[in-house]
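Here's a quick tour for anyone meeting this structure for the very first time. Have a look at the sequence and the 3D view, then read on.

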Amino acid sequence: MEIAIDALDIAAVRPFWKAVLGYTDEAGADGPTDPIVDPVGQGPAMWFQQMDQPRPDRNRIHFDICVPHDEAPRRIQAALTAGGRLVSAGTVW
């Protein structure tokens, strides 16, 4: 699992998230817009998605959850049963 945060100024918000989570730079990626990771490997990686303009009508944080293909339908159904809403069933890969 990864957490993605939308940001207008990634270089400005990335140090905040590193500090409050105690995260470090991802190996080989220490630029001002690169992902950050839990140094002890317990928490999910966090990456930043560049926004072109503010979007007050939608979330600015989302989770990227990867599961095996045969697990995905069960996981989606469980999320729907728990009150979730399917917005898109399209594939991004």
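**The big picture**

Of the contacts in the protein chain with a separation of 6 or more, 51% are between residues 24 or more positions apart, where contact means heavy atoms within 4.5 Å. Keep in mind that this is a predicted model, where local features need pLDDT of at least 70 and side-chain atom pairs count only at pLDDT 80 or more, while totals for chains, interfaces and linings use all residues. Residues are numbered from 1 along each chain as its sequence is written, and side-chain values use heavy atoms, with hydrogens and water left out.

**Layout**

- The protein chain has 2 helices and 5 strands, and going along the sequence they follow the pattern β-α-β-β-β-β-α. Helices (H or I, at least four residues) and strands (E, at least two) are DSSP runs, numbered from the N terminus.
- The C-alpha trace spans about 40 × 35 × 25 Å along its principal axes.
- Buried residues are 18% of the 93 in the protein chain. Buried means under 20% relative accessible area, exposed means over 50%, and partly exposed is in between (1.4 Å probe, protein chains only).

**Inside: the core**

- The largest nonpolar core has 8 residues: Ile 3, Ile 5, Ala 7, Ile 10, Tyr 23, Ile 36, Met 46 and Phe 48. Two elements, β1 (2–7) and β4 (45–50), each give two or more residues to this core, and β1 gives the most, with 3.
- What makes a nonpolar core is a set of buried Ala, Val, Leu, Ile, Met, Phe, Trp, Tyr and Cys residues joined through side-chain atoms within 4.5 Å.

**Outside: the surface**

- The protein chain exposes about 7,000 Å², with carbon and sulfur atoms supplying 56% of it. Accessible areas come from the Shrake-Rupley method with a 1.4 Å probe, and for residues only the protein chains shown count as cover.
- Met 1, Ile 61, Phe 63 and Ile 65 make a nonpolar surface patch of about 420 Å². Patches are made of residues with over 30% relative accessible area and no salt bridge; like charges are joined within 9 Å, nonpolar side chains (Val, Leu, Ile, Met, Phe, Trp, Tyr) within 5 Å.
- Met 1 sits in the segment before β1 and counts as exposed because its relative accessible area is 53%.
- Ala 27 lies in the loop between β2 (24–25) and β3 (36–37), and its 77% relative accessible area makes it exposed.

**Charged pairs**

- There are 4 salt bridges, a salt bridge being a side-chain nitrogen of Lys or Arg within 4 Å of a carboxyl oxygen of Asp or Glu.
- One of them joins Lys 18 and Asp 25 at 2.9 Å, N to O. Lys 18 is partly exposed at 23% relative accessibility, and Asp 25 is partly exposed at 27%.
- Arg 14, Lys 18 and Asp 25 are linked in a salt-bridge network.
- Glu 71 pairs with Arg 74 at 2.5 Å, N to O, and also with Arg 75, where the closest N and O atoms are 3.4 Å apart.

**Aromatic rings**

- The count here is 1 aromatic pair: Phe 16 and Trp 17, edge-to-face, with 5.3 Å centre to centre and 80 degrees between the planes.
- Rings of Phe, Tyr and Trp (its six-membered ring) pair if their centres lie within 6.5 Å; planes under 30 degrees apart are stacked, over 60 edge-to-face, and the rest tilted.
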